[in-house]
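This report walks through one protein chain, from a single side chain out to the whole fold. Keep the 3D view open while reading.

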Amino acid sequence: MRMVRAKKALGQHFLKDLQVARRIAETLSDYTKLPVLEVGPGMGVLTRFLLDEGHNLSVIEIDRESVVYLQEHFPELDGRIIEGDFLKLDLGELFSSQFCVIGNYPYNISSQIFFRILDFKDKIPCCSGMLQKEVAERLASPPGSKAYGILSVLLQAWYDVEYLFTVSETVFDPPPKVKSGVIRVTRNGRTSLGCDEKLFKTVVKTTFNQRRKTLRNSIKPILGKECPDYNLPLFDKRPEQLSVEQFVELTEIVERNLRTSPETETPA
């Protein structure tokens, strides 16, 4: 039987435990009526269970060798195997309505994948899959945790994030040097942040770029050294202490000050 060589440059670690693959596939059991896109199917261990669950499945794979393998072993996916880079794929063109995303995500691009999910949050009600345990924990971390960061806030603004289970490095070929974690993110009921979304992202990124400083100091690249609201208790906090709602509040304060101080420019 033809096998696919794992390529280090692509961060490939092929899952070989069928029970783990089944559990990952079951994370989308509530979404069998929506199309599903699997990212990086490799040799299709997860693909098989997704098809068995009855999903309307398409897959995207950047590795030519894996694409050939999938074409040979999954004839039912004829016309639905996309050879390409998920990060460059025009998801809006591929799917005209809502769809779900799943995968055994390459460690080296897993954070970028979830930033991409956010770009299409109105079309993606659920995304699940496996990534490096440390990154999975970061996405699910609550405020106050050392792991809580930029992507934690941006993702949790729009999704409920569940850390589901940990996967040993021994169930992969070749085994990675770290454990993996399986998460599921499901759209929450939020339809608007109530503030400027672009400015919200800028505020989150700017403050976390100096996460050890209080907001009074880390927000200065946006608001400058002098701001009448710096005496508010909120500015005594560090970014990892703020909930999504408090970041919205902070963004509203920034927005108000930028309106009254037109000479202050928002960083790109």
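F99 is buried, because its relative accessibility is 0% and the cut-off for buried is under 20%. This is a predicted model, and every value here is computed from it. F95 is also buried, with a relative accessible area of 8%. F95 and F99 form a stacked aromatic pair. Their ring centres lie 4.0 Å apart, with 10 degrees between the planes. The angle counts as stacked because planes under 30 degrees apart fall in that class.

**Rings and charges**

The structure holds 5 aromatic pairs. Elsewhere, Y148, F208 and F247 are linked into a cluster by ring pairs.

R23 lies over F165, at 3.7 Å from the ring centre. K121 lies over W158, and here the distance to the ring centre is 4.6 Å.

S110 belongs to helix α5, which covers residues 110-119.

M43 sits in a loop, between strand β2 (35-39) and helix α2 (45-52). M43 still counts as buried, at 19% relative accessibility. That value qualifies because the limit is under 20%. M43 and E162 are 119 residues apart along the chain, and their C-alpha atoms are separated by 27 Å.

K220 lies in helix α10, which spans residues 220-223. With a relative accessible area of 31%, K220 is partly exposed. Which residues does K220 touch, not counting those up to four places away in sequence? They are K225 and Y230.

L232 is found in the loop that runs from α10 to α11 (244-260). L232 is partly exposed, at 30% relative accessibility. Beyond residues up to four places away in sequence, L232 touches R216 and I253.

The C-alpha separations for three of these residues are set out below.

| Residue pair | Separation in sequence | C-alpha distance |
|---|---|---|
| L232 and R216 | 16 residues | 9.3 Å |
| K220 and T207 | 13 residues | 9.0 Å |
| M43 and E162 | 119 residues | 27 Å |

**The whole chain**

How many helices and strands does the chain have? There are 11 helices and 9 strands. Along the principal axes, the C-alpha atoms fill a box of roughly 70 × 40 × 30 Å.

The chain has 268 residues, and 51% of them are buried. K220 and L232 count as partly exposed.

Contacts reach across the sequence. Of those between residues at least 6 apart in sequence, 69% join residues at least 24 apart.

The surface comes next. The chain exposes about 13,000 Å². Carbon and sulfur atoms supply 48% of that area.

The chain carries 36 positive and 36 negative charges. What distance separates the mean positions of the two sets? They are 5 Å apart.

Definitions and conventions
Residues numbered from 1 in each chain as written. Predicted model: local features only at pLDDT ≥ 70, side-chain atom pairs only at ≥ 80, totals over all residues. Heavy atoms only, no water. Helix = DSSP H or I, 4+ residues; strand = E, 2+ residues; numbered from the N terminus. Buried < 20%, exposed > 50% of the residue type's maximum accessible area, 1.4 Å probe, protein only. Contact = heavy atoms within 4.5 Å. Areas by Shrake-Rupley, 256 points an atom, 1.4 Å probe, with all protein chains shown as cover. Lys, Arg positive; Asp, Glu negative; His and termini not counted. Charge placed at Lys NZ, Arg CZ, Asp CG, Glu CD. Phe/Tyr/Trp six-rings, centres within 6.5 Å; stacked < 30°, edge-to-face > 60°. Lys NZ or Arg CZ within 6 Å of the ring centre and 35° of its normal.
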